[in-house]
Amino acid sequence: MYNIKQIREDFPILSREVYGKPLVYLDNGATTQKPRCVVEAIINEYYSVNANVHRGVHFLSQQATELHEASRETVRRFINARSTNEIIFTRGTTESINLLASSFAESQMQAGDEVIVSTMEHHSDIVPWQLQASKRGIVIKVIPMNDKGELLQDAYKQLFSEKTKLVCVMHVSNVLGTVNPVKEMIVEAHAHGVPVLVDGAQSVPHMKVDVQDLDADFFAFSGHKVYGPTGVGVLYGKEEWLDKLPPYQGGGEMIQSVSFEKTTFNELPFKFEAGTPDYIGTTALAKALDYVTAIGMDQIAAHEHELTQYAMQRLKQIEGMRIFGEAEHKSSVISFLVGNIHHLDMGTLLDRLGIAVRTGHHCAQPLMQRLGIEGTVRASFGLYNTKEEIDILAAGIERVSRMF
Ligand code: PLP
């Protein structure tokens, strides 16, 4: 059913070598490799369609506009939004969250109002709120977690007050792999009349996401983490919310009319898309979403679950192994340390064996502080990884450990 050999052939980079060793790419949490169809979509559009969108009466501009807007429809279908008006193209998760933090805080929050985030958030879910905190005096409250890496739901419920205006929480942790119970957390927030922004950077590549089923008010993700190109991402927002929020940036595309006295803004989603969009990127993103849809998100999830179970079992056999993140619901991310070996040493030596892993704080320094460590080594799996690669990783870790 799951034809891993054929899938791997779709990704030319997987057959290259580094330091004379076959590449074992286990840094999918940072970015994923691109299948041939995504790269070809970029080349084809530049070679045969390229023209600026929404502006021209000429043939190429209309064709480029059709491709760009068809991509918006592909994204809508992929996350099951009600309308393409709810799909805003951005540069990625980070820009999506900054857009929302800026527009939401400007129009919906006053000094003393509160936003709830969690201990395990990526810096991109924390720093935009700190920028707003210093500008507007808003307050950030933090959901704690247990030692397995699960958010404490009772403590979460206690954080709400009449000042709470928004919850901003990640769907899947990029460090611990924890799949947070965002659907239940959204029910709780809505019971207090509070909307929720879900950071889906690490969920969209690994599981079926349905924004209506989650009832998320806002949802952000990046194209490059789901086998698409860099430089393009998405902010989903319920239309009734997006209608209420002011534009994030000013410029072309986002206006209806401009005079020096008064400017009126364009309708959704263009109100939030100032300037020339990455229309080649959106075509390629749509190709990536079509690609994973053709394999099947449930099939991908099952494959990665099997890999993760296998890797957890295999890595736990290694002497001195400490794994961070043992949540009951865990995605395909494993963070670890072995004995006293520094994460950077482990990562550097694994690299020499052809194994690409991530080391450091993974843009989650508050989480590192909670764990009482400086950083970890992180192996994160994608749809093309195999058990053989996990064996190579385990053997590599054992070899490095013996050297220390
Ligand atoms: N949120 C999470 C959970 C992430 O893992 C990442 C990237 O690692 C981001 C946000 C930021 O994504 P980007 O750099 O694509 O904007």
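Which handedness does the crossing of α4 and α5 have? I looked this up to start my notebook, and the crossing of α4 and α5 is right-handed. For handedness I use this rule: left-handed if the near helix is turned anticlockwise from the far one by less than a right angle, right-handed if clockwise.

**Before going on.** I am working with a predicted model, where local features need pLDDT of at least 70 and side-chain atom pairs count only at pLDDT 80 or more, while totals for chains, interfaces and linings use all residues. Residues are numbered from 1 along each chain as its sequence is written, and side-chain values use heavy atoms, with hydrogens and water left out.

**Helix pairs.** I found helix α4 (residues 93-108) packing against helix α5 (residues 123-136) at about 30°, with axes 9 Å apart. Axes here are lines fitted to C-alpha atoms, over the stretch in contact for helices, and angles run from 0 to 180 degrees between N-to-C directions. Helices (H or I, at least four residues) and strands (E, at least two) are DSSP runs, numbered from the N terminus.

I then turned to α11 (residues 297-316) and α14 (residues 387-403), which pack at about 25° with their axes 10 Å apart. The crossing of α11 and α14 is right-handed.

**Salt bridges.** I noted 21 salt bridges in the structure, each being a side-chain nitrogen of Lys or Arg within 4 Å of a carboxyl oxygen of Asp or Glu. One of them joins E306 and K387, with the closest N and O atoms 3.0 Å apart. This pair connects α11, which holds E306, to α14, which holds K387, across 81 residues. E306 is partly exposed at 47% relative accessible area, and K387 is partly exposed at 31%. My cut-offs are: buried under 20%, exposed over 50%, partly exposed in between (1.4 Å probe, protein chains only).

Next I looked at D27 and R378, whose side chains meet in a salt bridge (3.5 Å, N to O). D27 sits in the loop between β3 (24-25) and α2, and R378 in strand β17 (residues 376-380), 351 residues away. D27 counts as buried at 9%, and R378 counts as buried at 3%.

**A loop residue.** I finished with T178, in the loop between β7 (164-170) and α7 (182-191). T178 is buried at 2% relative accessibility. T178 and K330 are 152 residues apart in sequence, yet 4.6 Å apart in space, C-alpha to C-alpha.
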